[in-house]
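Reader: I have a protein model open and I am new to this. Please show me how to read it, one feature at a time.

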Amino acid sequence: MRSQRRVAFCTNCGSQVSGGASFCSHCGAAQPRPTNPQYSDFLDGLSDRAACILCYIPVFGVIPAIVFLATHRFRGNVRVRFNAFQAVYLFVAWLIVSSAMPVLMLTVPGWGLEHLFVLVLKLVLFCCWIYLLVKAAQEQEVRLPVIGDLAARSTSEQL
Ligand SMILES: [Zn+2]
């Protein structure tokens, strides 16, 4: 990916400058350096499909999802933004189930069924991640009930 050097032009005289050069060979003017080139190169080289797949890595996919939502690279990309939002909301659901629900259920006397219920919910959410990951790899868009509707609304609001 990095072997292909970008063609740049001098900001002062307009003659061609070899990629990455600090000074123009023609007039000697200092050339602006792109900020954080490796980071932007990584995002530039990322396809929509790869971005969607990254979002749906179970539990940890929320990190690239937030990065994609925050950066300019996918600002106008409805598909990536929808999938990123869906991944974030899925993570929120996971957080609620795995942290808030056991606390709530401690206060309710039961027969251990509530633990089974939490376990089943976590399993369902985990299966959603795997399912979405596979569908993203096949370039098919899946809209989950509730979470997908929220994501669709967020996508249209943010654009
Ligand atoms: Zn020049």
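Reader: How many helices and strands make up the secondary structure of the protein?

Author: Helices (H or I, at least four residues) and strands (E, at least two) are DSSP runs, numbered from the N terminus. Here there are six helices and two strands. From the N terminus, the order is β-β-α-α-α-α-α-α. Residues are numbered from 1 along each chain as its sequence is written. The model is predicted, so local features need pLDDT of at least 70, side-chain atom pairs count only at pLDDT 80 or more, and totals for chains, interfaces and linings use all residues.

Reader: What is the mean pLDDT of the protein?

Author: pLDDT is the predictor's confidence in each residue, from 0 to 100. The protein has a mean of 84, and 84% of its residues reach 70 or more. Where pLDDT is low, the predicted coordinates should not be read in detail.

Reader: At what angle do the axes of H2 and helix H3 cross?

Author: Two packed helices are described by the angle between their axes and the distance between the axes. Axes are lines fitted to C-alpha atoms, for helices over the stretch in contact, and angles run from 0 to 180 degrees between N-to-C directions. The axes of H2 and H3 (residues 62-70) cross at roughly 135° and come within 7 Å. H2 is therefore oblique to H3. Angles under 35 degrees count as roughly parallel, over 145 as roughly antiparallel, 65 to 115 as roughly perpendicular, and the rest as oblique.

Reader: Which residues of H2 and H3 meet?

Author: Two residues are in contact if their C-beta atoms, placed from the backbone, lie within 7 Å. From H2 come Ala51, Leu54 and Cys55; from H3 come Pro64, Ala65 and Phe68.

Reader: Is Gln16 buried or exposed?

Author: A residue is buried if 20 or more other C-beta atoms lie within 10 Å of its own, exposed if 12 or fewer, and partly exposed in between. Gln16 has 12, so it is exposed. Gln16 sits in strand S2 (residues 16-17). Leaving aside neighbours within four places in sequence, Gln16 contacts Val7 and Phe9. Of the 159 residues of the protein, 20% count as buried.

Reader: Which residues have the most contacts inside the largest nonpolar core?

Author: A nonpolar core is a set of buried Ala, Val, Leu, Ile, Met, Phe, Trp, Tyr and Cys residues joined through C-beta atoms within 7 Å. The largest one has 24 residues, and Cys55, Ala84, Ala87 and Val88 have the most contacts inside it. Helix H4 (78-106) gives the largest share, nine residues.
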